[in-house]
Amino acid sequence: MAEVTMRVWRGDANGGDFENYTVAQNEGEVVLDVIHRIQATEAPDLACRWNCKAGKCGSCAAEVNGKPRLMCMTRLDTLPEGPVTVTPMKTFPIIRDLVTDVSFNFAQAEKVPALLPPPMPENGYVMFQEDVQRGQEFRKCIECFMCQDVCHVIRDHEGNKQHYAGPRFFIRYAELEMHPLDTNDRRDLIREEMGLGYCNITKCCTEVCPEHIKITDNAIIPLKERVVDAHYDPVAWLGRKIRRKTKRSASDATVQPAP
Amino acid sequence: MSTTETSTKVVLGGTRGGPDVATLRQDRWWIQPVITVSILTAFVIYSTWAAFQNRYYYVGANVGRDLISPFYSPCLASDCVPGAKAGFAFNGWALSPALLILIFPLGFRLTCYYYRRSYYRAFWWSPPACAVSDAHSSYSGETRFPLIMQNMHRYFFYAGLVFNTLLTYDAVRAFRQPGLGYGVTVGTIVLSVNAVLLWAYSLSCHACRHLCGGGVKSFKAHPIRYRFWKLLTPLNAKHMNLAWASLVFVALTDVYVRLVASGALTDYKLF
Amino acid sequence: MTYEHHDYDVLIIGAGGAGLRAAIEAKQRGLKVGIVTKSLLGKAHTVMAEGGMAAAMGNVYPEDNWMVHFRDTMRGGKYLNNNRMAELHAKESPARVLELEQWGALFDRTKDGKILQRDFGGHRYARLAHVGDRTGLELIRTLQQKVVSMGTDVFMECKILKLVHDANGKVAGCVAYRRPTGEFVTFGAKAVILATGGAGKSWKFTSNSWEGTGDGHAMALWAGAKLIDMECIQFHPTGMVWPLSVRGLLVTEGVRGDGGVLRNSEGKRFMFNYVAPMFRDETAESEEEADKWYDDHTAGRRPPELLPRDEVARAINAEVKAGRGTPHGGVYLDIATRRSPEFIRRRLPSMYHQFMELAGVDITTEAMEIGPTCHYIMGGVQVVADTAATAAPGLFAAGEVAGGMHGANRLGGNSLSDLVVFGKRAGAGAAEYIEAGDLAGPMNQDEIDAAIAEALAPFERESGENPYDIQRDLQEMMQANVGIIRTQSELDDAKVQLENFTERVKNIKVKGGRAYNPGWNLATDLPAMITVCKAVTIGASLRKESRGGHTREDFPSADPEFGKFNFAHSTNGGDWDSEIVTEESPLLPMPDELKALLEEAK
């Protein structure tokens with residue numbers, strides 16, 4: 001039976017170090033399988049977060065050989081020879097071993113002004129496939145937060161966490177802004193408080209997305225263009241003036257409760 | 001003792017896990033930045049040199065051709081070589097006519113979402129590659145001057161459309177060979193391919209995709225804009241390839257015209 | 001010992017579809033609501049549901065209505081269902097699906113802009129509202145975002161150890177520990193809603209995640225509620241069989257709904273040989289007839305691949321046993337030869353990626369190897385259909401942890417709608433219970449202290465067994481003895497072995513500290529797992545017939561006498577190792593108008 005050496009980060013907020021484990025490896029196994037084998041044999045207290053082991057829940061994100069990966073979807077036979085390095089996501093504070101405190105993301109989720117649709121007709125809303133499909137791409141998100149982890153805006157600049165929502169929430173905002181029923185306007189909020197301007201579209205979020213969501217091309221850039229519409233485009237501004245379209249701001253919108 | 005959770009707070013400064021190193025990546029992540037730097041630097045050096053040459057940018061009636069380099073079209077200086085001159089001219093412009101116009105295509109590429117990605121990574125190292133540390137200690141992204149000007153991309157896009165029209169006109173005009181009638185030469189093909197690539201690059205632009213249809217909330221309510229958006233979306237996915245192809249080809253077009261104009265090469269007539 | 005304490009009107013244990021829907025309902029009624037989940041918010045097992053949620057909206061087939069859905073559910077459940085639950089579910093699920101769109105869900109659409117519905121096993125009409133093959137994710141994300149926008153308190157990675165009573169035996173709260181720190185926490189609540197999901201992790205080949213340990217089933221039993229139908233376990237016919245590391249991973253029934261067929265190693269569509277008499281009238285007899293059906297349900301009868309899950313799982317099992325299985329011990333699920341690659345990628349994107357990335361199989365060109373996998377427990381806490389109230393005052397249950405709705409076998413797509421229909425009802429039931437007054441007093445401190453002491457015991461032992469070894473052995477034993485096909489001698493053996501496991505659990509030694517220690521967490525899961533396994537085994541050994549998700553080799557056919565009652569389990573004592581007492585609990589009498597619906601169908 002083949003063996004693999006795993007270099008796993010062990011530690012907590014007080015510090016830590018790599019520990020090497022050499023364990024058996026069977027055909028077709030993923031990183032999470034051998035982490036489980038380490039737990040079941042040498043280190044029952046090795047902390048790692050996981051749930052579905054099928055790439056559907058996004059719990060087991062960690063960094064494998066320095067790159068954010070879902071441990072359950074990373075087959076060992078796709079990795080180069082030699083020890084496999086597994087570390088916790090770097091952007092978030094460590095809890096223990098491979099588990100990090102991802103509450104940053106839940107704080108961001110609380111700030112999102114909800115969908116504000118018109119009252120529902122008795123037989124449900126009428127929406128068309130071409131109008132729901134853009135949002136559906138973003139709703140594939142499994143909230144593994146690897147895009148947040150890899151985003152250098154907060155990975156390398158801790159202070160930006162105060163005023164930057166991150167790629168996961170940009171796709172959420174894009175979904176709402178493209179929702180055919182939504183009547184909220186979040187463009188001011190996105191520019192001023194969610195820090196869309198901090199994104200310099202280096203596309204790492206798209207590269208790591210396990211759901212292959214085109215985060216940058218289909219969400220962030222369209223949002224940037226929407227912000228340009230609202231703030232940096234005098235032609236569009238003039239057009240709005242002429243057509244007397246008053247611009248609603250997100251702060252007004254949040255006052256209106258969703259049904 | 002009884003407490004209730006209030007809203008979740010963003011806490012800064014928590015201890016992070018893993019070793020304090022720039023990256024744990026073992027693959028050759030530096031290859032991409034190296035390639036980007038090489039090609040862009042080569043292009044900048046060549047185009048600067050070519051723009052300041054102020055000669056060999058036009059192949060005229062003396063050899064039965066009408067080929068103009070894209071770097072010099074439209075030729076707006078009063079001392080442009082005969083035949084190359086556009087209908088309008090700046091009197092008293094003493095420098096190369098290329099310098100009058102290159103700001104527009106340059107601005108379009110400089111503010112292009114794809115090139116931004118590339119040069120922020122390769123030149124500014126912010127970040128050099130994914131999960132490799134940013135080379136700078138502070139970072140404000142595109143929220144301040146000068147980088148907030150990136151939001152002007154769509155104006156350069158509009159200008160780019162004007163240039164594409166002019167270069168298309170140049171390419172079409174090249175088929176009419178003074179004194180020889182109509183014909184196809186290597187030069188006409190070069191100019192045509194250049195125009196097509198520039199159109200493809202412009203139309204695949206993210207701003208274009210947004211303006212044509214991406215900006216609407218309901219496609220169902222805007223069927224024509226939806227059709228445009230559907231056409232542009234696959235093109236947009238190729239924006240990177242088109243950015244490189246059109247960049248390299250526009251330089252090659254200038255090289256070709258320059259070689260023919262200087263007499264080093266004869267523009268071969270195909271039929 | 002000091003620890004955190006919180007008080008709520010309604011405390012909801014579990015943040016899957018049922019828990020979140022209950023929270024929304026209770027919150028909308030102005031109550032103070034707390035949600036506790038073992039994992040992070042949005043990771044619950046609901047995300048694993050793929051195919052869709054059943055609701056007779058009639059968007060694709062206007063002939064469809066709640067009466068047909070009711071009949072399908074009862075037939076699928078082999079008439080062991082709580083008929084009132086099946087009725088409420090069939091009547092209310094369309095409204096529950098529609099309201100999700102108010103909160104942001106985006107289902108796939110019909111051409112005229114309504115919610116598209118797809119075919120699934122056991123449903124007469126195309127009835128499953130869906131989003132590609134990730135409907136569960138859509139459901140949980142929608143509810144999660146709604147709950148967050150309402151400002152609800154959510155305690156993540158917080159594991160409930162035990163429910164706690166007041167001095168008079170009413171459920172008054174619970175004791176838990178926070179996984180990141182290992183610190184204990186107590187919750188006082190006027191009403192507690194269990195929405196803890198299933199129990200499939202006690203089997204070796206399962207589609208359940210580590211969370212499916214049956215905590216809610218066990219806690220309800222210990223707290224004085226009753227469990228019914230525990231022997232009825234659904235083995236989903238299509239789980240992955242290779243590579244071994246993903247064996248059991250679910251392959252959505254949507255593959256068959258969208259045209260996929262089952263073949264044995266000889267390439268034969270074997271399902272035609274396994275049509276039970278009950279379904280013969282409505283099932284196609286030839287491949288030609290079956291293939292016509294996909295495009296027009298009136299042109300032919302249903303393909304046998306779309307029989308209810310229990311039928312298909314047994315057929316696959318029989319084919320493999322007869323030596324016509326694949327190299328890895330499954331059968332082939334083939335959609336590659338029947339649908340275009342574009343169609344497959346569009347309709348089944350996550351299946352495409354799952355096979356590509358985990359097995360290196362391109363399902364647009366190759367057949368999948370699949371076999372039955374433990375998927376769902378029909379059995380659960382006995383509840384009052386209208387209010388979700390259990391026999392323990394102050395305790396409610398909804399979702400997979402509740403029993404009765406699905407009878408002996410659940411139809412695909414009925415679980416997601418079950419979650420929202422009865423999640424809402426549980427929230428309302430709890431609210432009405434609180435309004436009626438007569439609530440529990442303070443929690444009994446002795447119970448709290450005992451639960452904490454029990455949780456800490458594995459640290460204090462000088463030596464003992466690794467919890468992972470016990471879990472592995474338990475899974476192997478349950479797979480072998482109480483698996484898809486059961487027989488008396490194996491069940492008797494299982495009962496003896498479960499007593500051994502009980503002793504082994506009392507001798508667990510946990511290494512390391514309390515902060516995020518998965519070994520310790522498993523040690524706290526094992527009492528619930530063993531309790532559930534005992535109830536399953538007892539029920540399986542008493543039910544001397546085959547019905548739905550319970551198949552006995554020694555009693556291969558259904559016995560009408562056993563169709564008149566559920567086996568209901570309760571406990572003497574309330575400790576995790578207290579003896580389980582089982583009785584026959586007669587089925588809810590069926591009103592004549594519902595009987596008439598079933599008669600019509602025959």
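## Confidence in chain B

Let's start with chain B, where the mean pLDDT is 93 and 98% of the residues reach 70 or more. Keep in mind that this is a predicted model. One stretch of chain B to treat with care is residues 1-5, where pLDDT stays under 50. The model has 8 contacts beyond four places in sequence for residues 1-5 of chain B. Where pLDDT is low, the predicted coordinates should not be read in detail.

## A strand out in the open

Still in chain B, have a look at strand β4, residues 85-90. How many of its 6 residues are buried? The number is 0, so β4(B) lies largely in the open.

That strand does have a partner: β3 of chain B, residues 75-77, runs parallel to β4(B), and 2 bridges join them. If you want to find the pairing on screen, go to B:Ala77, which stands opposite B:Phe90 of β4(B).

## Where chain A touches chain B

Now for the contact between chains: 57 residues of chain A are in contact with 46 residues of chain B. On the chain A side, several elements each supply at least two residues, among them β1 (2-12), α2 (103-111), α3 (129-139) and α9 (215-232). Which of the elements gives the most? That's α9(A), with 8 residues. Sorted by class, the side of chain A that touches chain B has 24 nonpolar, 16 polar and 17 charged residues.

## A four-stranded sheet in chain C

Over in chain C, 4 strands make an open sheet in the order β11-β14-β13-β12, with antiparallel pairing. At the edges sit β11 (233-240) and β12 (261-263) of chain C, each of which pairs on one side only. From one strand to the next, the twist averages 45°.

Helix α9 of chain C, residues 309-321, packs on this sheet and touches β11, β12, β13 (331-334) and β14 of chain C. The direction of α9(C) makes about 60° with that of β11(C). As for β11(C) itself, 6 bridges link it in the antiparallel sense to β14(C), residues 368-377. Within that pairing, C:Gln234 has C:Tyr376 in β14(C) as its bridge partner.

## Two crossing helices in chain C

Chain C also has a helix pair to look at: the axes of α5 (residues 215-223) and α16 (residues 518-542) come within 8 Å and cross at roughly 80°. The two helices, α5(C) and α16(C), are therefore roughly perpendicular to each other.

Who meets whom? From α5(C) come C:Asp215, C:His217, C:Ala218 and C:Leu221, and they meet C:Pro527, C:Ala528, C:Thr531 and C:Val532 in α16(C). By class, this contact has 5 nonpolar, 2 polar and 1 charged residues.

Conventions:
Residues numbered from 1 in each chain as written. Chains lettered and ligands numbered in written order. Predicted model: local features only at pLDDT ≥ 70, side-chain atom pairs only at ≥ 80, totals over all residues. Axes fitted to C-alpha atoms, helices over the stretch in contact; angles between N-to-C directions. Parallel < 35°, antiparallel > 145°, perpendicular 65-115°, else oblique. Contact = placed C-beta atoms within 7 Å. Nonpolar A, V, L, I, M, F, W, Y, C, P; charged D, E, K, R; others polar. pLDDT = per-residue confidence, 0-100. Pairing = 2+ DSSP bridges. Buried ≥ 20, exposed ≤ 12 C-beta atoms within 10 Å, placed from the backbone.
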